[in-house]
Amino acid sequence: MTLRRRGVASAALAAAIALPTGGFAPQDRAAPEAADRLDQPLFDHSDKIAGLPEQSWFEESIPFVDLPDQGATIEEIYYYRWSVTKRMLRYAGPENGWYDAVFVFGPWMGPNAMRDLRWLRHPGIVENDVATHQITEGLRYTDPTADNVYQYALATGRTDLLTEALPDLVEQWHARDAYFDEDTGLYWHQPVWDATEHTIAAKKTDFTVPRDVQFPDPEDFLLPLNEFFGGWGYSTPLNTAQAADARVIAEAARMAGDEELAAEYQRRSDDLAERMVDQLWDDDRDFFYHVMRDNEAQGYRAPDGSVYPEGTKLSGREIWGYYPWQFGLVPDDARFADAWSFLEDPEGFGTPYGPSTAEVRDPDTDTSGAYSPDKENGNCCRWDGAAWPYSHARTLVALGNALTDYDHLTPEGADAPVVTVDDYVELLDRYARLQHKDGEPYVAEAADSVTGQWIYDQPQRSDHYNAYPYTDLVLNGLLGIRPQADDTLDLAPLIPADWTHFAAENVPYHGHDLALAWDEDGSHYGRGAGLSVWIDGELAGHRDDLGELTVDVGPVRVPEAAPYSTASRYDGSRANWAAGTSASYPRFDASYPGYDNRQDGGEFRQAEAARNAFDGAALYDEDLDFAKWSTRGSPHGQDWLSVDFGTARRLDEVRVAVYEDARIQAPASLRLEYLDGEEWREVRTAPPAPIAGDDVVSLRFDPLETTALRLVVPGGDAPAGIAEFEAWGPSDQLAEPVNCPTAGPLHYEAEAAVVNLGAKRGSDTACGFGFVGGLDTERSFFVDDWSAVRPGDFSGTVTGPLWQGFNGTSEVTFHVDVPEAREWTVTVRYANGIAGSDGAYWLSANGGERTAVRLPDTGGWSQSPGAIGTAVFTVPLEAGANTLTFTKGGGFAEFDAIDLS
């Protein structure tokens with residue numbers, strides 16, 4: 001495999017290690033030999049993160065990169081995007097742990113950003129996100145969930161996590177079975193479920209239904225067709241994701257020693273890839289196309305008004321045609337090379353801030369995204385030509401893989417490759433240039449692909465949008481750090497010929513610290529000329545010129561987090577017991593409710609309220625009033641902020657994120673108090689570092705047990721602001737049921753379950769102070785064979801609002817673990833406040849056959865004292881992990897907890 005370059009091969013790459021503390025010390029700039037050991041950083045880290053809040057977090061958490069002047073914008077956005085990652089980390093309470101949000105207000109998770117998260121030095125974030133959210137919460141939009149987990153496993157070496165997730169990955173893969181067409185061997189659905197609304201495919205249809213009509217089972221991804229939901233057909237993204245995930249399942253099965261399962265899913269993947277080439281690829285137009293189906297029903301017509309024959313490929317190219325290269329599903333054959341000629345074609349996808357999502361030459365393309373400044377969020381969301389960073393990222397991953405893994409990128413009859421390393425760097429730089437607003441780093445949802453103006457940019461929603469990778473494009477793509485499943489690392493930099501140096505350090509790989517540097521003549525870093533790689537500070541590989549390199553890294557390590565370290569807050573060994581959840585505890589109070597902008601004539605309330613300091617997010621952005629509590633406007637000489645845990649908690653550290661802006665300043669001091677009976681007493685803490693704004697103060701103390709804490713904030717020359725108040729202690733307290741004297745050894749809280757079309761709520765009388773209610777949505781009817789359904793089948797059916805959610809029935813799924821396979825007794829704690837009415841539900845184990853169960857009235861709902869009752873059922877379970885799902889039938893009930901015996 002030879003990388004395609006323009007000019008003499010000359011590229012760079014670096015990745016790094018955590019080195020001893022101390023300042024950056026420049027080395028001898030004339031060192032001709034590669035240094036056998038790195039005892040000092042290759043470059044100054046502090047300069048890279050200057051101006052970012054909570055800088056110690058970045059020092060402990062991210063890989064650092066150093067690029068030459070030609071890559072200055074790429075580097076600038078690299079560090080900005082790590083600040084976006086930091087902003088979007090959310091703590092959902094001790095039960096649910098950490099996840100990575102898409103929107104600044106939360107709570108949507110960002111599965112597509114997992115390629116970035118795999119490079120964090122704290123694997124606990126991703127491991128919790130995968131186990132608690134990405135897999136167990138089921139499908140939303142098209143996403144290669146299995147491949148996301150696989151990419152994480154490759155970077156960390158934790159292939160055991162992949163094999164543990166194998167049953168869940170298989171189950172999720174089959175969630176699309178209803179959309180598999182036996183005749184074509186392909187999957188189909190609407191483009192909206194690829195997270196692409198208003199596509200050129202949708203715009204080419206004229207089928208509409210009344211807005212109050214809804215298909216009865218949105219779990220199957222069918223919603224009314226109009227321009228927003230149109231374009232029913234065989235989707236390149238969907239089939240690509242299914243083929244990619246099937247291949248990962250095959251690999252995971254091989255790792256687990258299940259050769260039969262591996263062979264089955266390898267066959268499924270290979271067959272899908274072949275059918276994509278046979279039916280979605282067009283040899284005359286050199287691209288993968290969306291293929292419409294049910295053309296008469298959805299009004300897909302030729303210019304003369306005639307209905308296109310079934311199997312007709314879309315008349316225009318969409319950026320998703322490059323998606324199969326992201327997973328190596330396209331044969332390495334010159335037959336497919338010319339597809340890349342459209343990437344930079346001004347009549348193709350080559351707009352100034354593109355690639356555009358649809359080719360410019362298509363009559364239905366609108367590069368402005370039909371931007372309407374008078375509409376909230378710019379009339380979001382159109383995929384008919386705008387620039388979406390989401391598609392930029394996927395296209396760059398595909399291009400990087402093509403340049404690295406494919407030998408045949410020269411079209412038949414041509415004398416040069418159609419795409420080169422220079423194209424990758426230009427597109428990455430363009431992607432970086434797009435991520436600015438008013439001269440500062442910034443990313444929103446989508447932009448005009450010609451002007452670069454952000455068009456879907458709703459305040460306190462779109463700010464720092466986090467639905468796609470960027471830092472991975474630098475580490476894995478530009479620098480060429482290509483993780484492997486064995487004890488090696490491959491390097492394949494995608495670097496232009498005129499880059500004389502670059503480096504990176506603090507790169508975690510298989511539990512080791514990785515550092516790499518390219519220095520053409522040895523004068524920039526002073527560690528020798530050429531390309532050098534260090535593992536845990538020791539030289540592991542070197543070559544004099546820039547090119548591919550494979551190094552041995554040794555066995556995978558799983559380092560233990562040091563006490564009180566940043567890593568210890570992410571690995572699950574410790575918990576923040578002050579994090580706000582839906583339960584009635586913890587509760588929050590303050591001497592002053594917080595600044596309310598209506599005090600200064602604001603029309604809509606934006607309060608800097610006490611609860612903001614317990615929302616699981618340390619945000620320092622000035623325009624996010626919902627992210628902090630402040631004493632601005634307080635009449636008091638000093639104020640306080642308190643948390644009541646509802647039960648005794650063992651604690652040893654409080655962390656306070658201190659907010660600061662032009663009006664709010666860091667307090668001169670803070671005093672921590674704990675409740676001892678009815679009296680507040682001061683906590684004797686270790687002397688903290690000086691209090692600084694936009695940073696965290698750690699207050700450590702000998703372990704104590706208390707039901708409440710209070711932070712006293714003295715008055716000063718300016719008001720004070722608290723972005724977050726965290727109370728940390730051992731997480732093993734989770735095993736101790738709270739407010740539930742009847743709890744058994746196998747006890748599971750409903751508020752820790754996966755809830756669909758319901759709500760987690762608080763109650764002083766419920767176990768754990770929480771329950772699941774609002775389970776009010778029931779399927780209108782069932783359809784046994786969705787493959788036979790056509791758009792017109794429901795034209796006269798009125799079933800409710802247009803948008804009810806992704807799944808048409810309320811349900812609660814408990815993830816349980818039992819020691820042996822047998823019939824188990826399930827005791828359900830629930831409430832039903834409808835006198836004389838049974839709550840009719842369906843109970844199923846592991847997605848199997850459903851059994852009707854009854855939950856009789858209990859005389860009240862969960863928030864009423866004495867209203868929670870019990871019902872007992874039996875169900876067969878397998879040894880180990882299982883799921884128990886209660887699906888709504890007739891009647892209503894609220895779920896508190898279950899016990900197995």
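Modeller: The largest cavity holds about 210 Å³ of space. The model is a predicted one, and every value here is computed from it. Rolling a probe the size of a water molecule over the atoms shows where empty space is left. In this structure there are eight cavities of 30 Å³ or more.

Which residues lie nearest the centre of the largest cavity? They are Glu54, Lys86, Trp98, Ala618 and Glu726, out of 17 lining residues. Two strands, β24 (638–659) and β28 (721–730), each contribute at least two residues to that lining. Sorted by class, the lining of the largest cavity has 10 nonpolar residues, one polar residue and six charged residues.

Next comes an open space. The second largest pocket contains about 560 Å³. Its lining is made of 23 residues, and those closest to its centre are Gly51, Leu52, Tyr80, Ser83 and Arg87. Both α2 (72–88) and β11 (440–441) supply at least two residues of this lining. The most comes from α2, which gives seven residues. The classes in the lining of the second largest pocket are 11 nonpolar, three polar and nine charged.

Helix α2 also has a helix for a partner. The axes of α2 and α13 come within 9 Å and cross at roughly 55 degrees. On the α2 side the residues in contact are Thr73, Ile74, Ile77 and Arg81, and on the α13 side they are Val425, Leu428, Asp429, Tyr431, Ala432 and Arg433. By class, the contact of α2 with α13 comprises six nonpolar residues, one polar residue and three charged residues.

Helix α13 (residues 421–434) packs against α14 (residues 471–478) as well, at an angle of about 165 degrees and with the axes 11 Å apart. Why are these two helices called roughly antiparallel? Angles over 145 degrees count as roughly antiparallel, so α13 and α14 get that description. Here too the crossing is left-handed. The residues that make the contact are Tyr424, Val425, Leu428 and Tyr431 from α13, with Leu473, Val474, Gly477 and Leu478 from α14. Seven of the residues in the contact of α13 with α14 are nonpolar, one is polar and none is charged.

Another pair of helices is α7 (residues 166–173) and α9 (residues 236–255). They pack at an angle of about 155 degrees, and their axes are 10 Å apart. By the cut-off of 145 degrees, α7 and α9 are therefore roughly antiparallel to each other. The crossing of α7 and α9 is left-handed. From α7 the contact uses Leu166, Leu169, Val170 and Trp173, and from α9 it uses Gln242, Asp245, Ala246, Ile249, Ala252 and Ala253. The contact of α7 with α9 has eight nonpolar residues, one polar residue and one charged residue.

The remaining points concern the backbone in loops. Most residues other than glycine have a negative phi, and most peptide bonds are trans. Where does the model depart from this? The peptide bond from glycine 354 to proline 355 is cis, and its omega is near 20 degrees. Proline 355 sits in the loop between α11 (295–298) and α12 (389–405). Tyrosine 585 and proline 586 are also joined by a cis peptide bond, with omega about 0 degrees. The loop that holds proline 586 runs between β21 (574–576) and β22 (587–590). Aspartate 286 is not a glycine, yet its phi is positive, at about 55 degrees. This aspartate 286 is placed in the loop between β7 (281–282) and β8 (287–288).

Note on methods
Residues are numbered from 1 along each chain as its sequence is written. This is a predicted model: local features need pLDDT of at least 70, side-chain atom pairs count only at pLDDT 80 or more; totals for chains, interfaces and linings use all residues. Side-chain values use heavy atoms; hydrogens and water are left out. On a 1 Å grid over the protein atoms alone, a cavity is a set of points where a 1.4 Å probe fits but cannot get out, and a pocket is an open set with protein on both sides within 12 Å along at least five of seven lines; lining residues have an atom within 4 Å of a point. Grid points are joined across faces, edges and corners, and a volume is the space filled by probe spheres set on the points. Helices (H or I, at least four residues) and strands (E, at least two) are DSSP runs, numbered from the N terminus. Ala, Val, Leu, Ile, Met, Phe, Trp, Tyr, Cys and Pro count as nonpolar, Asp, Glu, Lys and Arg as charged, and the others, Gly among them, as polar. Axes are lines fitted to C-alpha atoms, for helices over the stretch in contact, and angles run from 0 to 180 degrees between N-to-C directions. Angles under 35 degrees count as roughly parallel, over 145 as roughly antiparallel, 65 to 115 as roughly perpendicular and the rest as oblique. A crossing is left-handed if the near helix is turned anticlockwise from the far one by less than a right angle, and right-handed if clockwise. Contact means heavy atoms within 4.5 Å.
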